[in-house]
Amino acid sequence: MNGGKRFKPIIGLLFLFAAGSCGNAPIQISAVETAPAGGAAAALRSPGDPSDDPAQESGGIGSLEKAAAAATNAVEGTHVLSVQSENGGQIWEVQLARPDGAEQLMEVDASGDVVSKPRTKDTGKGEKARVMGIIKDAELSFDDVVKKVSSAVPHGKITHISLDRYTDKVLVWDVDVLTPDGAWRGLKIDARTGTVDKTG
């Protein structure tokens with residue numbers, strides 16, 4: 001009896017292969033690649049996540065650039081100071097600088113829709129003057145830096161990018177990138193010369 005039960009699956013498999021060889025459409029066996037469970041890489045690559053958008057395969061430029069553009073369009077005359085990925089890239093927190101040095105924050109979703117009203121940070125005259133100096137001294141724009149990152153880390157996905165002075169002297173764009181193999185890479189890009197320094 002046990003021998004008969006064992007033969008049934010085998011006979012079924014033989015019939016399946018025979019049917020496939022006789023038909024016009026060959027049977028295709030495809031491998032399914034599974035992402036590692038947990039961790040930031042898994043969160044950024046989860047099914048249906050905006051970071052799976054092919055437009056983001058070069059430096060995460062899909063929803064990242066949409067978020068920055070939506071924010072600067074919402075508050076005209078501003079410059080991007082930072083963009084931070086939240087919820088695996090589904091929400092981006094954007095920090096802007098007005099010409100007078102006032103800083104504004106807002107949240108934009110992956111499709112480029114502003115989901116929170118711009119809110120102004122309560123800073124003093126000294127901080128506003130510092131921010132105005134940063135804007136004035138930066139030669140590389142946000143878009144310039146995204147292109148630089150795309151060249152430095154092909155197919156990487158930016159999760160954070162910000163403009164500030166490094167050790168209070170050198171003005172840099174500080175960037176965090178997730179590489180295709182799931183590793184984190186840190187970049188510091190000189191905002192005047194465009195020199196790229198990989199820190200990770």
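The largest pocket has a lining of 16 residues, and those nearest its centre are His79, Val80, Ser141, Phe142 and Trp173. A pocket here is an open set of points, on a 1 Å grid over the protein atoms alone, where a 1.4 Å probe fits and protein lies on both sides within 12 Å along at least five of seven lines; lining residues have an atom within 4 Å of a point. The space in the largest pocket amounts to about 240 Å³, a volume being the space filled by probe spheres set on points joined across faces, edges and corners.

This is a predicted model, in which local features need pLDDT of at least 70 and side-chain atom pairs count only at pLDDT 80 or more, while totals for chains, interfaces and linings use all residues. Residues are numbered from 1 along each chain as its sequence is written, and side-chain values use heavy atoms, with hydrogens and water left out.

Which elements supply at least two residues each to the lining of the largest pocket? They are α3 (61–74), β1 (79–86) and α5 (142–152), and α3 gives the largest share, 4 residues. By class, the lining comprises 10 nonpolar, 4 polar and 2 charged residues; Ala, Val, Leu, Ile, Met, Phe, Trp, Tyr, Cys and Pro count as nonpolar, Asp, Glu, Lys and Arg as charged, and the others, Gly among them, as polar.

The protein contains 5 helices and 8 strands, arranged along the sequence as α-α-α-β-β-β-β-α-α-β-β-β-β. Helices (H or I, at least four residues) and strands (E, at least two) are DSSP runs numbered from the N terminus. Of the contacts with a separation of 6 or more, 47% join residues 24 or more positions apart, contact meaning heavy atoms within 4.5 Å.

The accessible surface comes to about 11,800 Å² (Shrake-Rupley method, 1.4 Å probe), and carbon and sulfur atoms account for 54% of that surface. Of the 200 residues, 38% are buried, where buried means under 20% relative accessible area and exposed over 50%.

Two residues illustrate these classes. Ser85, in strand β1, counts as buried because its relative accessibility is 12%. The side chain of Ser85 reaches the backbone nitrogen of Gly89 at 3.0 Å. Lys125, by contrast, lies in helix α4 (residues 125–137) and is exposed because its relative accessible area is 77%. Lys125 and Ala102 are 23 residues apart in sequence, and their C-alpha atoms are 9.1 Å apart in space.

Conventions
Buried < 20%, exposed > 50% of the residue type's maximum accessible area, 1.4 Å probe, protein only. Polar contact = N/O pair within 3.5 Å; in protein donor to acceptor, adjacent residues only side chain to side chain.
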